[in-house]
Amino acid sequence: MTLPQQDTRAEEPVTVGLRNSQHSPWYLLILLPILAALPGCGPDAYSESMVYPVRTDPVVTGVGGRELVEPDRPGQLPLLAVKDLQDSRNPFYEDKELKYIDTSKWQSESDKQELLDVLQDVFGTPANPKVDLITRETRQLLKLDEGTLHEGSRLYRLYCLQCHGLTGDGRGPTSKWVNPHPRDYRPGLFKFQSVKAEGDPRPPRRDDLYRTIHDGVEGTAMQSYNMLPEHELNAIVSYVIHLSIRGEVESEVFKGAWKEEKDKTFLDPKILARGSVVAFVRGNSSKPGGKVRDVIEKWRSSQQEESKIVPGPYSVTDATMKESVQNGYNIFTGRGAVVGGCMECHKDFGRRSLYKPDKWATLVRPRDLTKPVYRGGRRPIDMYYRIHSGINGSDMPPHSNILNSDQIWDVVNFIRALPYPEMRKHLVPPIE
């Protein structure tokens, strides 16, 4: 059995822009300069007066495991506001397992303003982004210098804002109309990465974000941006990290200040560690850097070489491929001595999987592996990463605790063979 070979040829560069003016409609030559001069149009950066707003949508803290036959309707995001839960058409309507924090329940507007001010003080504005309270070494490691962030901000506005939103909340103007919905960076969770699973989910490596932006996400509206030069892609990566750090720090404020008293729920900054929003975010003499340093430390740790998944050697040959695929089949289905548990979620190899909420409170379902669409990348190493350490934010758990390297490669080979009916005929028992 020989698996299909991937086409590894480099794609031709794509040129984006107007055709030769003699073939372009005459009115575009007049209209485009006018549009470029308007605020929010053209290649210029954000307006200097624009600020990142404090979030108003719920902070989801638990989603349960309820399964649904269909995803959310086009034009609808599951949770833009708490009032959405009163709509019987919403997938979370009367969902008793959903846990969330209502970000509108501040004790006073001054508390909300204090959060806005300290976040702006630490993270700047869309036109002038920054990340304070970090060491020079960490700034260099994550490429969070203000020059790179300024360029990343400009490029994000051109290419990413329409889907991922001003604050990276995944709620840009087009977001409601695409499925799966664009990623919300604020929880600090990213699905496709090469970082070992150890305890709480960790952020990705810069290389992981770069690959996602460069290659796109297959089967989604996230296109490839491989037409952009390397330095521009790296600037966008830096800005995405900036938005994620800011968003996670903001979310941690809501989690720490959320208070429940009998039938009342509200946000009380006095119960935060160190007693105030400013001290919680920025820290004090006993803990400099506060929550900003905590979040940054996770990003810094993920960039270390010891955090990267290192696959075991690939020893399968053409002569042993059939045996490897069969071994992977047995692990996947639990027919052999090693039970992977894969069929619990990928029912009928994903053909009968139902939708369920992920950690972003959007509805997804386990991949139908009989269809060769791989959002996290189709390289064998990409599949190895996902089996080894799972997929953050989803119910896909790490398997490195039950499978050794050879067994993971066997499952990879089985998954790569599964979409092809002729290959499935050679399995014992064969798969229809």
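Tyr329 is buried, with a relative accessible area of 2%, where buried means under 20% relative accessible area, exposed over 50% and partly exposed in between, using a 1.4 Å probe and protein chains only. The model is a predicted one, in which local features need pLDDT of at least 70 and side-chain atom pairs count only at pLDDT 80 or more, while totals for chains, interfaces and linings use all residues. Residues are numbered from 1 along each chain as its sequence is written, and side-chain values use heavy atoms, with hydrogens and water left out.

The count of aromatic pairs comes to 12; for such a pair, rings of Phe, Tyr and Trp (its six-membered ring) must have centres within 6.5 Å, and planes under 30 degrees apart count as stacked, over 60 as edge-to-face and the rest as tilted. One of these pairs joins Tyr329 and Phe349, with 6.4 Å from centre to centre and 45 degrees between the planes, and is tilted. This pair links distant parts of the chain, since Tyr329 belongs to helix H10 (residues 321-333) and Phe349 to the loop between H10 and strand E5 (356-357), 20 residues apart; helices (H or I, at least four residues) and strands (E, at least two) are DSSP runs, numbered from the N terminus. Phe349 also counts as buried, at 7% relative accessibility.

A further pair brings together Phe332 and Phe414, whose ring centres are 5.4 Å apart and whose planes stand at 55 degrees, so this pair is tilted. Here too distant parts of the chain are linked, with Phe332 in helix H10 and Phe414 in helix H12 (residues 405-417), 82 residues apart. Phe332 is buried at 2% relative accessibility, and Phe414 is buried at 0%. Through ring pairs, Tyr329, Phe332, Phe349 and Phe414 are linked into a cluster.

Rings also take part in arrangements with charged side chains, where a charge sits over a ring if NZ of Lys or CZ of Arg is within 6 Å of the ring centre and within 35 degrees of the ring normal. The charged end of Arg183 sits over the ring of Trp360, at 3.8 Å from its centre, and Arg157 lies over the face of Tyr46, at 6.0 Å from the ring centre.

Which residues does Gly377 contact, leaving aside its neighbours within four places in sequence? They are Asp382, Met383 and Arg386, where contact means heavy atoms within 4.5 Å. Gly377 lies in the loop between strand E6 (363-364) and helix H11 (380-389), and at 18% relative accessibility Gly377 counts as buried. The C-alpha atoms of Gly377 and Thr212 are separated by 8.4 Å, although these residues are 165 apart along the chain.

Turning to the cysteines, the structure holds 0 disulfides, a disulfide being a pair of cysteine sulfur atoms within 2.5 Å. The sulfur of Cys160 is 8.8 Å from the closest cysteine sulfur, that of Cys163, which is too far for a bond. Cys160 is buried, with a relative accessible area of 11%.

Confidence is given by pLDDT, the predictor's confidence in each residue, from 0 to 100. The protein averages a pLDDT of 89, and 90% of the residues score at least 70. Confidence is highest in helix H7 (residues 230-257), at a mean of 98, and lowest in helix H1 (residues 26-37), at 44. Over residues 6-24 the pLDDT is below 50, and this stretch has 11 contacts in the model beyond near neighbours in sequence. Where pLDDT is low, the predicted coordinates should not be read in detail.
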